[in-house]
Amino acid sequence: MKQNSELVSRSACELTQEIRKGQLSSRELVSASLAQIERVNPHLNALVTVDANRALKMADAADRQQAQGESLGPLHGLPVAHKDSFLTQGMRTTWGSEIYADHIPAENSLIVSRQIQAGAISVGKSNMPEFGAGSQTFNKIFGCTRNPYNPALTCGGSSGGAAVALATGMVSLADGSDMGGSLRNPASFCNVVGLRPSAGRVPLWPNSNSFGQLGVAGPMGRTVADVALLLSVIAGPDPRDPLSIPTPGSDFRVSLDADFRQTRVAFSADLGGLPVSPEVRKITEEGVKRIAGMVQAVDYAEPSFSGAARAFQVLRSLTFAGSFGALLKQHRHQMKRSLVWNIELSQDFSAEDVIEAEAVRARLFQDTRVLLNQWDFLVTPVSQTLPFPVEQEFVENINGEPMSNYIEWMNSCSLITLTGHPAISIPCGFTADGLPVGIQIVGRYRDELALLKFAHACEALNKPWCSPSVISVI
C-alpha cells in the first residue's frame with residue numbers, strides 16, 4: 001500500500017516519462033490508482049462512477065501499443081478523471097442531478113475524446129454540485145465530497161471531486177470547468193493547481209451555448225507542469241466551437257523555465273474592498289512577499305471592479321436560464337433551491353440591466369488589458385475564506401459581512417471571470433490548523449503560456465510552505 005501511495009503521488013510529467021522509458025507499465029500505474037481509489041474514495045467521495053475493468057483493459061491496450069513500437073500520445077498510460085458534466089461514452093454522466101441519474105451517453109465530449117486519443121486511461125467521473133451550481137460539491141445522488149485535509153470540511157467546487165482525486169493520488173490528471181471559480185476554488189481548498197483559460201482555448205462540444213463566455217473548461221493537476229501537459233492535449237481549434245482559438249495545443253508542451261527578474265506584478269488584496277478572512281489575507285500576502293524576491297517590482301494595483309458583482313449575477317442568471325430553464329418547467333421538484341433561484345433570477349432583470357452588465361464586462365476587460373500592459377501579472381486571493389463545514393451549503397458571512405446569496409462569497413474568482421483573462425490557482429501555504437490556501441495569478445488575454453511559466457516559478461518559491469502531501473495524511 002505504501003508503495004502504491006508513493007507511486008501515485010508522483011507528477012503526471014514524471015510518470016509519463018517513466019512509462020516511455022519502460023520503467024513503469026500503464027497497467028502498474030492504473031492498478032495503483034485503482035488501489036488508491038479503493039482505499040481513499042469511500043472516505044472522501046471524490047469519484048462517483050469508477051469502471052475498473054474498463055480502465056484495466058485500456059491500460060493493457062496501451063502497454064501492447066508500446067510493446068509493438070507504435071507512436072505514443074502525450075498522456076500515454078496516465079489515469080485521468082472526467083468531471084461528471086462531460087459526456088463519457090458508455091459511462092454514466094449525471095451532472096449531479098437526479099434528472100440524469102441513469103444517463104449513459106452515446107458519445108464523448110470533445111475534452112474527453114481528446115484525452116483518450118492522447119493515450120489517457122479514463123478511470124471514472126468526479127463529483128460535482130447539481131449542474132455545477134455553487135462552490136460546494138454535493139448533490140442528492142452521490143452526497144458530498146469531503147476535503148482531504150479535514151474531511152469535516154468542504155473541498156470547494158464545482159470541480160471538487162477532481163481536486164480531491166488529484167490531491168489524494170487517485171488519478172494523475174483531471175479536467176474541470178469554471179464559471180465563477182469552479183477550477184480555482186477547489187484547487188485552493190485542496191492544495192492542487194487549477195487553470196481557468198481564456199474563452200475558446202479549450203473548445204467545448206457538444207455545447208448548447210456556443211457563444212457564451214462565462215463558462216470554460218480547463219485542466220487540473222498536482223503541479224503547474226502537469227496542468228500545462230493536460231492543456232496541451234485539450235486545447236486547440238475545433239470547427240464546432242465558434243470561439244475556439246486557432247493556436248495548436250502542442251504549443252504548451254514546452255519548458256516552463258523562464259527568467260522573471262524584469263517582471264512587474266500588480267497585487268490586489270481584496271479586489272476593490274471584498275471581505276477577505278484574516279488567515280487568507282495573511283497567507284496570500286506572505287506568498288506575494290516571496291514573489292517580490294524574484295521580480296523587478298510588486299505594486300498595489302487593480303482594475304476598477306465597480307458594478308462587476310452585479311454584472312456577473314445578471315449574466316450568470318441568463319446563462320442558467322438558457323441552460324436549465326426548460327428543465328425547471330418539468331423537474332422543479334428535483335432541483336435544489338439555490339439552482340431554482342438562480343434560474344428564476346433572470347426574470348428580475350430588464351433589457352437595460354443586461355445592456356449595463358455587458359457594458360461593465362466590456363469596460364472591465366479593457367481596464368484589465370490596460371493594467372496588464374503596465375504590469376505583467378495580477379495576483380489576488382483565490383477564495384475569500386477557508387474551507388467551511390461540509391454540511392453548510394455556502395458561506396453566509398465573511399468578517400461579519402453577510403453574503404446575500406450562495407455564490408457571493410466567491411466574488412474573488414467571479415470578478416476575475418468577468419475580466420475575460422486567464423487565471424490560475426496554485427498552492428501558497430497552510431493555516432495553523434493545516435488547511436491549504438491558494439494564490440490566484442491573472443495573466444494577459446490568451447497568453448496562457450506566459451501565465452503557466454510564471455506560475456511554475458511561483459510554485460517553486462511556495463513549495464516549502466505547501467507541505468505536507470495529503471497522500472501521506474489520509
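Is D60 buried, exposed or partly exposed? I found D60 to be partly exposed, with a relative accessible area of 25%. Here buried means under 20% relative accessible area, exposed means over 50%, and partly exposed lies in between (1.4 Å probe, protein chains only).

**Entry 1: the basis.** I noted that the model is predicted, that local features need pLDDT of at least 70 and side-chain atom pairs pLDDT 80 or more, while totals for chains, interfaces and linings use all residues. Residues are numbered from 1 along each chain as its sequence is written, and side-chain values use heavy atoms, with hydrogens and water left out.

**Entry 2: salt bridges.** I counted a salt bridge where a side-chain nitrogen of Lys or Arg is within 4 Å of a carboxyl oxygen of Asp or Glu. The structure holds 16 salt bridges. One of them joins D60 to R27, at 2.9 Å from N to O. This pair links distant parts of the chain, with D60 in helix α4 and R27 in helix α3, 33 residues apart. Helices (H or I, at least four residues) and strands (E, at least two) are DSSP runs, numbered from the N terminus. R27 is partly exposed at 35% relative accessibility.

I next looked up R196, which forms a salt bridge with D178, the closest N and O atoms being 3.2 Å apart. R196 belongs to strand β9 and D178 to strand β8 (residues 173-178), 18 residues apart. R196 is buried at 3% relative accessibility, and D178 is buried at 2%. D178, R184 and R196 are linked in a network of salt bridges.

**Entry 3: helix α4.** Helix α4 (residues 52-67) has 16 residues and reaches 22 Å from its first C-alpha to its last, close to the expected 22 Å. The expected span is 1.5 Å times one less than the number of residues. Which residues of α4 are buried? They are A55, L56, M58, A59 and A62. These residues cover an arc of only 160° around the axis, so they lie on the same side of α4; the arc is that of the directions from the helix axis to the C-beta atoms. An α-helix has 3.6 residues a turn, so residues three or four places apart point the same way. The buried residues of α4 pack against α3 (26-44), α5 (110-117) and β3 (121-126), where contact means heavy atoms within 4.5 Å. The face turned away from the buried side carries the exposed residues N53, K57 and A67.

**Entry 4: aromatic rings.** I paired rings of Phe, Tyr and Trp (its six-membered ring) if their centres lie within 6.5 Å; planes under 30 degrees apart are stacked, over 60 edge-to-face, and the rest tilted. The count comes to 12 aromatic pairs. F267 and Y300 have ring centres 5.6 Å apart and planes at 50°, so this pair is tilted. F267 is buried at 3% relative accessible area, whereas Y300 is exposed at 67%. W95, Y100, F131, F320 and F324 form one aromatic cluster.

**Entry 5: backbone.** Most residues other than glycine have a negative phi, and most peptide bonds are trans. F131 has a positive phi of about 55° although it is not a glycine. F131 lies in the loop between β3 and β4 (138-139) and is buried at 8% relative accessibility. I also recorded a cis peptide bond between W205 and P206, with omega about -5°.
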